[in-house]
Amino acid sequence: MNSTSSSRNKRGRTKFGGVSPHWIFIAPALIIVFAILIFPVLYSIYMSTYDWHLFYSSDKKFVAFKNFVELLKDKEFLHSLWLQFGFVVIALPIETVIGFFVALLLNRDGKFYTVVRSLILLPVFILPVISGLTWRLLLQPEYGMVSFFLEKMGFGVRAWLAEPDFAYGMVIVQDVWRMWPFMFMFIYAGLSGVPREILEAAQIDGASFWKRVFKIILPQLRPTIATALLLRLVDALRIFSEVYVMTGGGPGNATMLLSLYINKQAFEFFNIGYASAMGVVLLIIALGLSFFIVGGNIKFEGERG
Amino acid sequence: MRRIKKKLLTLTIVVITLAVLIVELMPILVVISSGFKRDIDIWSKGPFYFKPTLESYKQVLSNEDLLISLKNSLFVGFISTLISIVVGSMASYGLTRYVFKFKETIAYMFLSFRMIPQISLVIPLYVMFSFLKLRDTLTGVILAHISFNIPYVIWLLLPFFAAVPCDYEEAARIDGATEMQVFWKVFFPLVSPGLVVASVFAFLMSWNEFLYALILSSVNAKTAPVAVNGLLGQYAPKWGQLTAAGTIMLIPVFVITLTLQKYIIKGLVSGGIKG
Amino acid sequence: MKRVFTVIFLVSILGVILAAPYNTTIRVLAWDDALTQALKAGIPDFEKATGIKVVLELIPSGNLLQKIGVSVSSDKTDYDLVTVDEPFIPSLAHLMMPFDRWGNGKVFKKPPLNVFAPNAFEAAQWGGVFVGMPINANVYIWITRKDLINDPKNKSEFKLKYGYDLSVPKTFKELRDMAEFFTSKGIYGFAPFTKQTEGSTAEAIFMFEAFGTSPLTADGGKVVVSLDEKKAVEAINFYKELLKFAPPGALDMGHSERIAAFNQGKVFTMFQWPALVPQHEDPNNSLVAGKIIYSAPPVGPVKGSAIRGCWVLAMPNATKNKEAAAEFAYWWASLETGQKLIPKGFTPARADLLLNPTYNKDRPWFKAIFDSMRNAVARPRFVKYPEASQIIRNYWLAAISGKMSPEEAVRKMKDELNELVKK
């Protein structure tokens, strides 16, 4: 249903004294973010071309792409990449599914549900460091609550975080526990954008619950879920504090996710040139994954315009 | 018969809700209860057996350093959220409701700035802020925070802005509204659920943020996460105080979420325009 | 009349300015805990006595190095004094001012080296030069359950089974025997440190040195890999033996777990850092408060090898407030300040405080610190210490947990250390 306006701009919008309106809206954000970050971004790329130890800054050597070549040969880096990939691919879908169904569950009126919705976000709110430490406590073999359940389920009494596979699994569990409410909140907000009539019409038609979910609700929520996944991905790729205090990257390097390795290089070994190179690689990977998620799912266009 | 069935359904939902809530909040209960336990009780059997004590809270609440840092975090959180929401929503609107070249490039540029690890950016930011005399100022921390919150808000709001049907826009224009008015009076209210989510999480990101605050602040602009991390100690954390402080830190975000929820008005965008 | 008053006024102002020996502000970066916060409380007195304004910044100790790295360079520094954990002195030494170039102090005097516990000053040494001043005496001490030793039944049963008297373990053999004995009686004999952090490196070095070998040694100006594989394997096997007498979860025990286990009365003997001792003696948090006897760690087959880990107060070369910073350092290390801080948990590096009988009455571990410090060893002194520590720790933990055979672990450790040293 197109506008009948025939002015020079497709949608009949006036320009602000020659400047297209969209620039007025985008300018503040663009200016602020650029002003703050352009130097750091360029500088960190600059750092990535140097062999640079933070305590010996005057001895830094320009090595162009050598850091990147080193990275590709660095077994620990590749291992961290693999761990990170696994983490993202396992944790995020689970968080999304749980978040979705809980959003449907709690999509009701009333003070009770308002309070529940706020309470259920507490894991997202808690300081990551405290979350990691608490999970460490919960997994204590002798008296941790989670250990208790694991024992009852037949796994015996073990130092969970000292076993590579369990430690990795627990790191994932910690994240799912902490972040599915984030997905829930986002999807819940998106749900309120679904026209009520559509939901009610489907109910009157007698469509089954699952049919409604798959044929009506999900398609409406595609952009919302895609955005939630994207935002979640951006942070999941950088997860650090929780894992650091929970396992320190161990045992060995069984839970040395990417940010832990970058942190190790940057702030334990102080090879900031090398760490910056890793940051660049992480950025490229993250962008690639984002293109994939955004795909056709997030429209940059207003609806039916 | 139908009424009973409906009541049963409602009851089941409440029960399931409570079950989900309890399971999910179990670790949070451990954190909260630990704030009231002696250290020896935290590291021993059972979450329910303990001698309650207010010692940890007393120590936390009499820690000047910590209290000031909480104040700083509140200030930084509010201002950075405010700026990010206003500026971010405008940009998000601009990116979705207009057609122009480079819009996707700009959008992805914002995204990339958000995706660069903070570790890479913190050292040059420190250099930059030292030069600009912004080190250890609340302004500096706020600027650092909006640098990642603005892109976040922009992308968060994209689907919400995109979902608004054109009819609203056109109706407003026909009524003679300027572009700004279309944005503030029509779109801004319509994306309120998105704004609520954006506000809560932008605030949270700033509230819990550690690395920038650590490196860019010193004594005057110290924020809560830095002070609370001090409780980790060189060896073993002071568990009682750590969990007490952590619990206190939960309160502002929780209150904000509770208050803002009423702005998630449902079924707003119901096809067609009434009146 | 007016003239007289003006003159008197001007003279008094001059007097005030001259009376305050300094007129400057210094910035100090230190770790955050009860001790340093107590230090903060004493600063107004320092300011009054010297006229130096002090901005004391306290941050989590795990982040100190990062802040120092960002703020201190060879020509510019944001801090006039920083605290450095001793293993990192080698990598920062080139940025810090040697101690002998520090001023003598006008208000607070520079302490002579022999005021400190013997061997403590070594913490600040690199390349034959002291690049700072140790501010606390941090070294492995050993804590043992007095009540269990003194129990007559335990005494007789032990004598019967092992042929000598039950006491605080003085050698590794005694440690093993006693650990085994108590574990059979339902108490764990020993608690290790096995968390994936620096603490495990300390344990590894403690054991290696006790058996007569060290992974890295400074030889002339260089650092060489000096690990004796046979002795290292012996050390690992002995530790594995001890692990049999440790509580469940022994393979992932950090400070919190160890303190909890000991305080609940479940452990007979183990090492501890002095800063953590007050937690064992706090009746609100420890079932064994008052029942602990402190000593230097048991001696290994070759020697005693208590690990030392002092905080060093260092002055960046680029500081513009050398004199003022030195005054603050001397004030912190002075007798009076030490006396005020000890009740807050300070472990002084000064011998006169450590051996003071009054303090030793309430704090018997002070003497243990002094004794232990005599035979203290440092973790390998090396510019790339963090990487070395990681390598040592990884293979040590893999070996003692059984994931790798001791022989293989030691070999791999040596190989990777060699690669590191070559870089």
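Colleague: What is the strand order in the open sheet of chain C?
Modeller: The open sheet in chain C has 5 strands in the order E2-E1-E3-E13-E6, with mixed pairing, where two strands pair if DSSP finds at least two bridges between them. Strands (E, at least two residues) and helices (H or I, at least four) are DSSP runs, numbered from the N terminus. This is a predicted model, in which local features need pLDDT of at least 70 and side-chain atom pairs count only at pLDDT 80 or more, while totals for chains, interfaces and linings use all residues. Residues are numbered from 1 along each chain as its sequence is written, and chains are lettered from A and ligands numbered from 1 in the order in which they are written.

Colleague: Which strands does H2 of chain C lie across?
Modeller: Helix H2 (residues 34–50) of chain C lies across E1 (25–31) and E2 of that chain, running at about 175 degrees to E2(C). Axes here are lines fitted to C-alpha atoms, for helices over the stretch in contact, and angles run from 0 to 180 degrees between N-to-C directions. H3(C) lies across E1, E2 and E3 of chain C, at about 145 degrees to E1(C).

Colleague: Switching topic, how many residues of chain C are in contact with chain B?
Modeller: There are 25 residues of chain C in contact with 20 of chain B, contact meaning that the C-beta atoms, placed from the backbone, lie within 7 Å. On the chain C side, the elements giving two or more residues are E2 (53–59), H3 (64–71) and H10 (255–263), and H10(C) gives the most, with 5 residues.

Colleague: How many residues does the contact between chains A and B take?
Modeller: That contact takes 84 residues from chain A and 95 from chain B. On the chain A side, the largest share, 15 residues, comes from helix H1 (residues 21–47) of chain A.

Colleague: Last one, how many helices and strands does chain C have?
Modeller: Chain C has 18 helices and 13 strands, and its C-alpha atoms fill a box of roughly 95 × 55 × 30 Å, taken along the principal axes.

Conventions
Two residues are in contact if their C-beta atoms, placed from the backbone, lie within 7 Å.
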